Amino acid sequence: MKFQIEDVTVYFPYDNIYPEQYSYMVELKRALDAKGHCLLEMPTGTGKTIALLSLITSYALSKPSNPIKFIYCTRTVHEMEKTLAELKLLHNYQLQHLGPAAKILALGLSSRKNLCINPTVVSAENRDSVDAACRKLTASWVRQLAAENPRIPTCSFFENYDKFASEAILPPGVYTLQDLRAYGKEKGWCPYFLARHMVQLANVVVYSYQYLLDPKVAGIISKEMQRESVVVFDEAHNIDNVCIEALSVSVRMQTLEGATRNINRMAQEIDRFKATDAGRLRAEYNRLVEGLAVRGDLRNTDAWLANPALPDDILKEAVPGNIRRAEHFLSVLRRLVQYVKGRLQTENVEKEGPVTFVASVNAQAGIDQKMLRFCYDRLHSLMLTLEITDTDEFLHIQTICDFATLVGTYTRGFSIIIEPFDERMPHIPDPVLQLCCHDASLAIKPVFERFQSVVITSGTLSPIDLYPRLLNFNPVVSRSFTMSLTRDCICPMVLTRGSDQLPVSTKYDLRSDPGVEKNYGKLLLEMVSVVPDGIVCFFVSYSYMDGIVNSWHETGLLKEIMQHKLVFIETQDVVETTLALDNYRKACDCGRGAVFFSVARGKVAEGIDFDRHYGRLVIMFGIPFQYTLSRILLARLEYLRDTFQIKEGDFLTFDALRQAAQCVGRVIRSKADYGMMIFADKRYSRHDKRSKLPGWILSHLRDAHLNLSTDMAVHIAREFLRKMAQPYDKTGAMGKKTLLSEADLEKMANGNLGETMF
Amino acid sequence: MGKLECSGDASLQNGLDLVHDLLNQIPTYGHREVLMLYSALSTCNPGDIMETIQKCKKSKIRCSITGLSAELYICKYLCLETGGLYSVALNEPHLKELVMEHAPPPPAIAELAIANLIKMGFPQRAAEGVISICSCHKEVKVGGGYMCLRCKARLFELPTECRLCGLILVSSPHLARSYHHLFPITPFDDVSPLVVKNPFKLPKNCFGCQQSLLNPGNMLGTCVACPKCKLHFCLDCDIYIHESLHNCPGC
């Protein structure tokens with residue numbers, strides 16, 4: 001259908017639209033007009049993705065004189081593929097209506113592992129070895145040698161692509177990763193480099209968060225994106241954690257030993273070069289003297305990682321004199337590694353700021369701050385000069401140099417924490433040095449400054465006013481939408497006690513209480529005998545899940561549960577978990593019924609959907625707080641308190657409840673779907689915890705469903721399931737309409753707009 | 001009946017297998033239907049239930065399920081694939097309503113019925129005062145009952161299949177009654193007074209009850225017309241024809 005929002009004609013590929021999709025598009029358009037940033041929360045299962053795509057592409061089409069680029073960031077490759085599939089549908093629809101004027105180029109970009117079609121390269125085990133294998137075939141020095149000596153292997157796809165150079169372009173259309181690979185195979189071109197090049201020219205680009213937020217990657221891929229772009233971060237409730245991890249480094253003993261090996265290897269290479277081709281090293285030295293830290297004519301195949309510091313913070317000066325010569329630089333690195341080894345051999349936990357650390361490095365190893373700042377650039381240049389191709393071996397020294405550069409560049413917002421052993425296992429010495437970033441706004445600042453509109457959207461962004469403070473930006477639009485429903489298809493309940501009226505909780509002091517474990521077990525047992533098909537249970541941590549499942553097994557409760565349904569557990573191994581999920585789905589499909597035990601911060605909670613019969617009930621056992629005694633968390637909380645005046649308790653609760661809401665939202669994916677959610681912990685009945693749940697859950701949480709005990713919950717569940725099994729009228733002919741057609745929208749636009757809907 | 005007991009887990013596949021074997025013996029011109037009252041929340045199957053469902057679909061067995069506890073995906077899938085009806089009861093009166101909904105037979109699908117000649121008998125009541133052995137009660141009875149036309153065996157009631165010679169015996173009202181379930185009368189079209197081309201050509205009276213179709217003021221009131229014979233009927237006759245008579249008086 002086609003409709004107008006003020007001056008923009010929006011092309012929507014379906015015949016009907018939900019009222020909240022319409023309101024979402026109106027707000028989004030306002031933000032785009034104002035050329036500002038926005039925060040939008042819309043519940044899962046309401047067609048957020050297609051609303052975003054259709055509005056932004058229609059907006060771009062309506063202003064052909066200023067072409068707007070659309071950058072869509074997703075968390076996983078799977079989400080990328082889903083988005084591109086929806087975009088294809090939309091694009092076909094737009095072509096039908098507007099003809100060839102609506103042609104756009106849209107593509108997804110991912111790592112070499114997902115795009116390479118060279119069979120020898122792509123068969124390597126992990127992402128780093130694929131990168132290294134690719135580099136062995138495509139580095140500029142290798143190709144130079146191959147030009148003279150045909151026996152040296154190169155990548156035929158890359159050579160073909162390179163031959164065409166500027167004529168190697170993708171015709172307009174929407175390309176998923178599979179399409180890119182197919183196109184590359186057809187033309188004999190390398191899809192990865194083709195995609196990387198076309199990203200500059202495409203109208204719509206879909207890639208992962210790292211490509212914009214992590215300076216190491218963004219510096220290469222997203223360097224030249226134009227300012228008139230709309231950036232969308234989808235499922236962005238964890239974006240502050242992603243930003244923090246992008247700027248954090250962790251160093252262990254293995255890293256240091258690996259670094260030492262790398263340094264020795266580089267020393268050997270330098271000696272070899274001195275003997276055979278001293279000119280190369282001298283050329284590098286001269287370049288550094290002239291102030292060019294990096295070779296200017298760097299081919300895009302040679303750049304594999306950029307500077308870990310943010311682009312504004314990289315010093316644009318000449319490399320300092322005492323690390324210009326290769327041997328001097330190596331000795332500096334050796335001293336640094338030695339110093340860090342010494343620090344790791346401490347008996348106590350130490351915490352200090354970057355300034356103190358740099359001062360002590362200077363005092364003990366004689367390396368000053370400027371030298372540290374240039375570590376990365378110098379290493380990069382040296383590795384190019386030495387023509388090192390197997391970069392996966394050199395990851396350790398790279399980590400050390402990343403660490404050094406970040407420590408030298410930033411003075412605020414970071415802490416260095418050295419722990420001699422993991423708190424939970426005090427007898428095993430496992431020293432680790434962590435450079436922790438506490439300030440999420442650092443990594444995302446260049447994105448906000450560079451691009452004209454940034455949209456942060458998700459299903460669980462509550463409380464919404466905390467995000468602008470954490471990420472330090474000013475949104476022009478910040479809104480939360482609720483689902484419009486003909487029937488209440490979600491039934492959240494807060495369960496605070498068992499049938500014996502004893503309170504249940506995962507509070508630390510109650511964790512090993514046998515009464516609590518028994519009550520949780522009885523809750524699951526009762527639910528298993530009342531709810532059909534699939535049930536998902538989320539626990540607060542792997543160790544808690546292990547403990548409670550063990551005690552259920554010992555008391556025989558697990559056996560009784562298994563008589564009703566099969567039980568599957570998520571483990572820390574990806575393959576096992578995938579297998580478990582597969583079988584869980586099979587069990588639900590054939591009517592046997594199954595329960596899936598999962599962890600609130602695990603992989604399953606982040607990405608897997610349990611819609612329709614795969615998730616009729618989700619039980620959140622407890623409140624998934626982070627491990628509150630972790631030093632990193634304590635340091636971050638202190639920083640937040642000092643800088644942003646956010647209280648520790650508030651932040652911890654916010655983080656825990658956002659995680660709980662995310663877990664629970666996995667169960668509803670569309671409006672015809674229905675599911676129940678049980679929050680099983682006595683602390684949920686408190687207003688300060690409950691109010692942090694997103695609006696679309698709270699609006700269905702009736703007072704009668706608070707403070708339940710197990711038998712009351714079972715009764716409510718039975719009634720709900722019976723009611724939901726009755727036939728469902730999608731359009732809601734009686735009362736409020738939930739599916740609008742073009743005619744309805746026109747009437748609305750002529751009458752009063754939007755306010756009467758919500 | 002009192003000696004039958006059940007134990008163990010509910011199994012949809014076992015039930016479907018049993019039904020499939022029983023119903024396969026029904027000739028192809030007959031409807032094959034099964035209604036299951038299912039209150040379990042899971043089904044423990046010995047094999048792949050999807051295969052069994054496909055088997056039932058191929059044999060054209062229409063499976064309907066009335067659930068008593070909650071909605072199961074596999075039941076919904078089964079009913080969707082075989083063209084049946086899945087409903088879940090909210091309470092006792094609702095359960096009765098749902099089960100009774102299955103009492104009238106579904107309309108026949110014309111393509112499925114292969115044209116066949118079937119031998120059927122229309123017996124008269126047997127002579128009174130004759131002593132014979134009733135074939136269903138297996139005891140001597142006096143008078144009453146029907147006589148099979150081929151083998152002269154005594155039968156108790158109609159419709160039935162004769163025990164001795166296998167002839168199908170019905171009475172004509174039975175056939176007439178089932179006919180209007182299998183081939184329901186088409187709904188009549190609304191005649192809107194605005195579409196009237198020539199107001200003088202319209203009949204002024206309903207064909208069924210001969211009452212006047214005109215409103216006071218000589219305007220045409222609401223009426224309906226049969227799409228086949230194009231005769232007009234008033235709304236009362238329309239309701240009577242569709243619910244009780246099952247036959248258009250004009251056709």
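Tutor: In this predicted model, five residues, B:Y29, B:I118, B:M120, B:F122 and B:L175, make up a nonpolar surface patch of about 410 Å². One of them, B:F122, lies in a loop of chain B, and this loop links β4 (120-121) to β5 (131-134). B:F122 counts as partly exposed because its relative accessibility is 38%, which falls between the 20% limit for buried and the 50% limit for exposed.

Chain B also has an open sheet of three strands, ordered β1-β2-β3 and paired in parallel. Its edge strands are β1 (32-38) and β3 (86-88) of chain B, each of which pairs on one side only. On average, neighbouring strands of this sheet are turned by 15 degrees against each other, with direction ignored. In general, the strands of a sheet pair through backbone hydrogen bonds, in either a parallel or an antiparallel manner. Between strand β2 (residues 61-67) of chain B and β3(B), which run parallel, there are three bridges. Within β3(B), the residue standing opposite B:T66 is B:S87.

An unreviewed UniProt entry places the feature "domain: Helicase ATP-binding" at residues 7-285 of chain A. Over residues 7-285, chain A is 57% helix and 13% strand, and the C-alpha atoms at the ends of this stretch are 59 Å apart.

Note on methods
Residues numbered from 1 in each chain as written. Chains lettered and ligands numbered in written order. Predicted model: local features only at pLDDT ≥ 70, side-chain atom pairs only at ≥ 80, totals over all residues. Heavy atoms only, no water. Patch = residues over 30% accessible without salt bridge, like charges linked within 9 Å, V, L, I, M, F, W, Y side chains within 5 Å. Areas by Shrake-Rupley, 256 points an atom, 1.4 Å probe, with all protein chains shown as cover. Salt bridge = Lys/Arg side-chain N within 4 Å of Asp/Glu carboxyl O. Helix = DSSP H or I, 4+ residues; strand = E, 2+ residues; numbered from the N terminus. Buried < 20%, exposed > 50% of the residue type's maximum accessible area, 1.4 Å probe, protein only. UniProt positions renumbered as here; feature names shortened; annotations may be inferred. Pairing = 2+ DSSP bridges. Axes fitted to C-alpha atoms, helices over the stretch in contact; angles between N-to-C directions.
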